[in-house]
Amino acid sequence: MPAPAVLALAAALLLASASICAEAVWLDMPQAGTKCVSEEIQANVVVLADYALMYESHPSAHPTIAVKVTSPYGYTLHESGNITVGQFAFTTSEAGNFLACFWIDSAEKGSGVSVNLDWKTGIATKDWDAIAKKEKIEGVELELRKLEVAVQSIHQNMVYLKAREAEMREVSEKTNGRVAWFSIMSLGVCVVVSVLQLWHLQGYFRKKKLI
C-alpha cells in the first residue's frame, strides 16, 4: 500500500477512535447549589449517560443527589431525586446545548462528595459487541464497519458545523447592516440638530440685533 494511503488510513482510524471513545467526567459537588455540565449536540443524535455518587465513607453520612437534564429550549428530558446512581437516555430533537445539573438533595451533606458522569453521544453509544454478534463480523471487517460509521458521523458533524457557520455569518451580516444604518441615522440626527441650533442662534442674534 502506498505511503500516502497508509497515512490517510491512519488518520481516518485516529478520527474514528476519537469519535468512538467517551471519557467519564468527575464533578465535585458543593454543599449547596448545583453543578452542571453541558454539551452542544446536533439533532437526531442518541445520548446515553450513566452517573454515580461517590463520597468519603462516614458511618453517619449517606448523602443522595438529584439530577435534571434539559434541552436547549428548556424542556425536561430526565429528572430524578434521592438517588445515588442512575442513567438517562434520549434522542435529541433539536440542536443546541443540552444541560445536566446535579445537586445534593439530602439533609446529610457529607464531605468529599462527587459525581462520576459517563456521557456518550452518537456512535459512542453503540454496542459493537452486540452488533458484531448479530451481523457475524469480527476482526478487520468489524474495524472497517466502525470506521465507516465514524466517517459518517464526522461528515454529519462537518455538515452541521458548515450550517452553523453559514447561520452565524448571516447573523453577522445582518448585525453589520443594522449597525451601518444606525450610524447613518445617528449622523443624520447630528446634522439636523446642528442645523436647528444654527437656525436658532441666527434668530436669537437677529432678535437681539447683534447681526
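Rings of Phe, Tyr and Trp (its six-membered ring) pair if their centres lie within 6.5 Å; planes under 30 degrees apart count as stacked, over 60 as edge-to-face and the rest as tilted. In this predicted model, local features need pLDDT of at least 70 and side-chain atom pairs count only at pLDDT 80 or more, whereas totals for chains, interfaces and linings use all residues. Residues are numbered from 1 along each chain as its sequence is written, and side-chain values use heavy atoms, with hydrogens and water left out. The points below concern aromatic rings and cysteines.

**Aromatic cluster and pairs**

- One aromatic cluster is formed by Tyr51, Phe88, Phe90, Phe98, Phe102 and Trp119.
- The ring-centre rule gives a count of 5 aromatic pairs.
- One of these pairs joins tyrosine 51 and phenylalanine 102 in an edge-to-face arrangement, with 5.5 Å centre to centre and 65° between the planes.
- Tyrosine 51 belongs to strand S3 (residues 46–54) and phenylalanine 102 to strand S7 (residues 96–104), so their pair ties together parts that are 51 residues apart in sequence. Strands (E, at least two residues), like helices (H or I, at least four), are DSSP runs numbered from the N terminus.
- Tyrosine 51 is buried, with a relative accessible area of 3%, and phenylalanine 102 is also buried, at 0% relative accessibility. Here buried means under 20% relative accessible area, exposed over 50%, and partly exposed in between (1.4 Å probe, protein chains only).
- Phenylalanine 88 and tryptophan 119 likewise form an edge-to-face aromatic pair, 5.7 Å centre to centre and with 75° between the planes.
- Phenylalanine 88 lies in strand S6 (residues 85–91) and tryptophan 119 in strand S8 (residues 114–121), so this pair ties together parts that are 31 residues apart in sequence.
- Both members of that pair, phenylalanine 88 and tryptophan 119, are buried.

**Disulfide and cysteines**

- The structure contains 1 disulfide, a term for a pair of cysteine sulfur atoms within 2.5 Å.
- The disulfide is formed by cysteine 36 and cysteine 101, whose sulfur atoms are 2.0 Å apart.
- The link of cysteine 36 and cysteine 101 is right-handed, with 105° about the S-S bond.
- Distant parts of the chain are linked by this pair: cysteine 36 is in strand S2 (residues 35–41) and cysteine 101 in strand S7, 65 residues apart.
- Cysteine 36 is partly exposed, at 35% relative accessibility, whereas cysteine 101 is buried, at 13%.
- Cysteine 190 is partly exposed, with a relative accessible area of 47%.
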